[in-house]
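Q: I would like to learn how to read a structure like this one. Please take me through it feature by feature.

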Amino acid sequence: MPDTTDVVIAGGSVAGTALATLLGRQGVRVTVLEKSPKPEHYKVTCTHFIQAGATPVFERLGLTATMENAGAIRNGLDLFTPGGGWYSMPDDAHGYSLRREKLDPMLRELAARTPNVEVRQGVTVTALTRDAAGRPSGLRGRTPAGEEVAVDARVVVGADGRGSAVARMAGVPGRVQPHNRFGYMAYYEGLELDAPGDHGLMWFLGRDIMYCFPNDDGLTIAAVFLHKDRLPEFRDNKEAAFLAAFDGLDRAPDFGAARRTSALIGKLDMPNVRRPAARPGVAFVGDAAQASDPVWGVGVGFALQSAGWLADELAGALTAGTDPDAALERYRRTHRRQLALHHLQMSDFATGRDLNAVERVMHRAATRDPRTARVMADVAARNGPLERVMPARAIARAARVAVLG
């Protein structure tokens with residue numbers, strides 16, 4: 001006989017475990033099915049620069065002290081753009097930099113010890129079940145030993161990434177937009193940056209983007225996101241091409257004095273995917289709802305934000321015993337209002353184009369005007385709908401500053 005619960009979540013990474021914790025604390029019964037059998041499992045390919053938009057959710061989870069004790073850095077950023085030069089993002093609203101090999105197990109452990117939450121590892125989801133009316137009503141899975149797992153629930157959640165199997169089974173396709181850049185990244189020990197405090201450096205050159213971000217344990221991640229017409233440069237010697245991408249940059253780090261401590265991790269295809277964040281009986285969080293250009297470091301932030309929005313809408317309906325579909329619809333609208341325009345903007349830039357006129361004006365003004373730098377920080381952190389964090393009056397001000405100084 002199937003187990004029964006209020007919510008069954010496919011995926012035990014950032015979005016799934018955060019959602020489970022937030023729901024469980026409000027009295028909602030939750031079962032998380034995570035494919036990996038290893039409690040220490042983590043996502044390897046990640047910028048590890050978590051935008052400030054995620055900080056309120058970390059605080060809500062009660063994790064900030066634990067993260068900082070584990071070495072998490074309150075991140076800051078100096079950004080270079082051609083024709084404008086350098087400017088710093090304001091430090092008063094910070095995100096965190098913490099490697100996923102620490103963050104992911106931390107979130108999973110938090111969920112597992114939360115009342116009302118069961119985390120079942122080593123379960124690959126194989127099917128989505130429906131009730132007599134066709135509404136999603138549970139998940140089926142299998143362990144490596146061949147044990148069949150059956151969980152019925154009032155709501156099914158896909159927290160299983162951009163290629164979400166739950167979305168495919170539920171018949172909720174995503175809109176895929178191509179990405180015309182590729183990425184390589186690696187960790188270095190002893191890589192000194194010409195930057196204040198724990199600030200990272202980012203070179204935002206339009207078609208090509210490079211950055212170096214300090215992380216926990218004295219490590220720094222260096223990454224390049226280059227237009228795909230530069231792929232042939234990496235054919236014969238990937239590391240030499242990777243290091244050469246930093247040559248000649250203003251304030252470029254000295255890789256000769258540092259030691260690479262990880263593999264050179266490549267990602268050649270990074271499509272942008274967005275689907276409706278909910279339908280009757282089913283919802284999606286994190287990359288399963290929206291997987292946007294990783295150049296912007298938004299993955300963990302969007303995972304946590306979406307988990308918070310869904311928990312806020314869903315918990316009341318489930319604990320009151322009322323129909324949760326109205327709550328799912330409110331979540332869908334919130335997700336769209338908060339993130340859809342950001343995704344469209346990021347997807348447009350991911351075509352590999354150069355900076356457009358508005359972007360050049362905003363970056364140039366940010367080097368001269370703290371108020372414009374604040375706007376750019378709010379856009380980067382996704383601290384609200386795009387039309388609110390970058391209103392027309394802010395663009396007009398930036399244009400005046402860029403022209404008149």
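Q: Is Asp217 buried or exposed?

A: This is a predicted model. A residue counts as exposed when its relative accessible area is over 50%. Asp217 has 52%, so it is exposed.

Q: Which value does phi take at Arg251, and where is the place of Arg251?

A: Arg251 is a residue other than glycine, and its phi is positive, near 65 degrees. Arg251 is in the loop that runs between α6 (238-244) and β16 (259-260).

Q: How many helices and strands are there in the chain?

A: The chain has 12 helices and 21 strands. Its radius of gyration is 22 Å, close to the 22 Å that the globule rule gives for 405 residues, so the chain is as compact as a globular protein of that length. The C-alpha trace spans about 65 × 45 × 40 Å along its principal axes.

Q: What share of the residues counts as buried?

A: Buried means under 20% relative accessible area. Of the 405 residues, 57% count as buried. The chain exposes about 16300 Å², and carbon and sulfur atoms supply 51% of that area.

Q: What share of the contacts with a separation of 6 or more comes from residues 24 or more positions apart?

A: Such residues account for 72% of those contacts in the chain.

Q: How many positive and negative charges does the chain have?

A: There are 50 positive and 46 negative charges, and their mean positions are 6 Å apart.

Notes
Residues are numbered from 1 along each chain as its sequence is written. This is a predicted model: local features need pLDDT of at least 70, side-chain atom pairs count only at pLDDT 80 or more; totals for chains, interfaces and linings use all residues. Side-chain values use heavy atoms; hydrogens and water are left out. Helices (H or I, at least four residues) and strands (E, at least two) are DSSP runs, numbered from the N terminus. The radius of gyration is taken over C-alpha atoms; the globule rule is 2.2 Å times the number of residues to the power 0.38. Buried means under 20% relative accessible area, exposed over 50%, partly exposed in between (1.4 Å probe, protein chains only). Contact means heavy atoms within 4.5 Å. Accessible areas come from the Shrake-Rupley method with a 1.4 Å probe; for residues, only the protein chains shown count as cover. Lys and Arg count as positive and Asp and Glu as negative; His and the chain ends are not counted. The place of a charge is taken as NZ of Lys, CZ of Arg, CG of Asp or CD of Glu.
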